[in-house]
Amino acid sequence: GYDLPLDEGEDAEAKQETKAMMDKIYEVYKECDKGNASNVIVSEQTIREMVGILGKTSFPVLYDNGYDTMYNYQEVETFLNNAIAGKQGEVIIYEVHNDGGIGRNKFSFDGREMYVFYTGYSWTEDCRPVSFGSTYTRIKEWSYTDKGWFCYEYCVPEPPEVTELVDGNCMIRVEPMDEKRREIAEKYLFPLGYQGNNLLCSNWNKEHMGDIDYNGLFEYLYTVEYQERFDSDKYENGIPKDEFERIMTDYLPVTNEQLQTYAVYDEQSRTYVWNRLGCMNYAPNSFGLSMPEITSIEEKENGVLVLTVDAVCERVGSDCVMSHELTVQVKDGKMKYISNQVLGEGLKNIPAYQYRLRRTQNEKSS
């Protein structure tokens, strides 16, 4: 079901069409900031500009970060609903990658099986579009969820042909998210995620704040606060007490005294210890790469919102590995996290959290 023979005529047509789409965004790519690294990563603003240009065509187009709205999504929705009903059909979806290149996915359904013909293009150092090939693959399993996620799994090599498992799971958001939910999630939840901290995947409230991994959480709240990447080099020798406590108390219902008890704090240097997330303190798992998606918002008094959130995990092909209720308060344009409650048996569906730093306080709760 993988590395299937390519039809030369279809391959030539796919490359010609994808090259034409690359030509449409050439001026934007040529003028954008590409940084100094050998592997170019362009800004999200630039990618969205490119997606907007391509979205003016009749083709479905998306930025594959999971949050942005797919242009011309109705065509994909029609294709999937027809396939569910057993009707033959095909649809082409273009995706803009982080390096400014384009992927063309032609999905086809023959009444029984679904296939995807993929063609990719990237840019050379002198801004010329170049194809890095095409593949033709059968889709092993697929579904279109009630929330509007197209989940599918490629046929991939399996043992004993290979010694390591190959992940063939993919997910595409077809039906647009509610705009308010998307904006809140993108600004306040996505920077936190479920990896390296446990704010969204543990139970806590104002009366029980002792189990939060504060030392791991700081770098993620730093991103929320400053809307920029965490400067790890700056904090290799610890995080100054005043800075750590200011950010924590701004975003959480916790006091300075509680932080000095619950977090790993060096009183002599007046710093909170910080370690990079790595193989010595984190065992990688699929759940950690999940994406928080808000499915409902309940408005209370005084700017309090109760957000119902699903953890969407592409690695396991699920649009809801677990759900949780996150209570927040919006005041003066800033959000404060008030409590979190994992719903149902959600904690049994995810790995036990691994703290960044070992401390006896981890065994306690307030």
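This is a predicted model: local features need pLDDT of at least 70, side-chain atom pairs count only at pLDDT 80 or more; totals for chains, interfaces and linings use all residues.
Residues are numbered from 1 along each chain as its sequence is written, and side-chain values use heavy atoms, with hydrogens and water left out.

H324 belongs to strand 13, residues 323-331 (strands are DSSP runs of E, at least two residues, and helices are runs of H or I, at least four, numbered from the N terminus). H324 is buried, at 0% relative accessible area (buried means under 20%, with a 1.4 Å probe and protein chains only). Its side chain makes a polar contact of 2.8 Å with the side chain of Y194 (a pair of N or O atoms within 3.5 Å, one able to donate a hydrogen and the other to accept it; residues adjacent in sequence count only if both atoms are side-chain atoms). A polar atom of the H324 side chain also lies 3.4 Å from the backbone oxygen of L200.

Helix 5 (residues 179-189) has as its buried residues R182, I184, A185, Y188 and L189. These pack against several elements, including helix 6 (214-226) and strand 13.

Elsewhere, three strands form an open antiparallel sheet in the order 8-10-9 (two strands pair if DSSP finds at least two bridges between them). Strand 8 (239-240) and strand 9 (265-266) each have a single partner strand, so one side of each is left without a neighbour in the sheet. Within this sheet, I239 stands opposite Y272 in strand 10.

Key:
Buried means under 20% relative accessible area, exposed over 50%, partly exposed in between (1.4 Å probe, protein chains only). Contact means heavy atoms within 4.5 Å.
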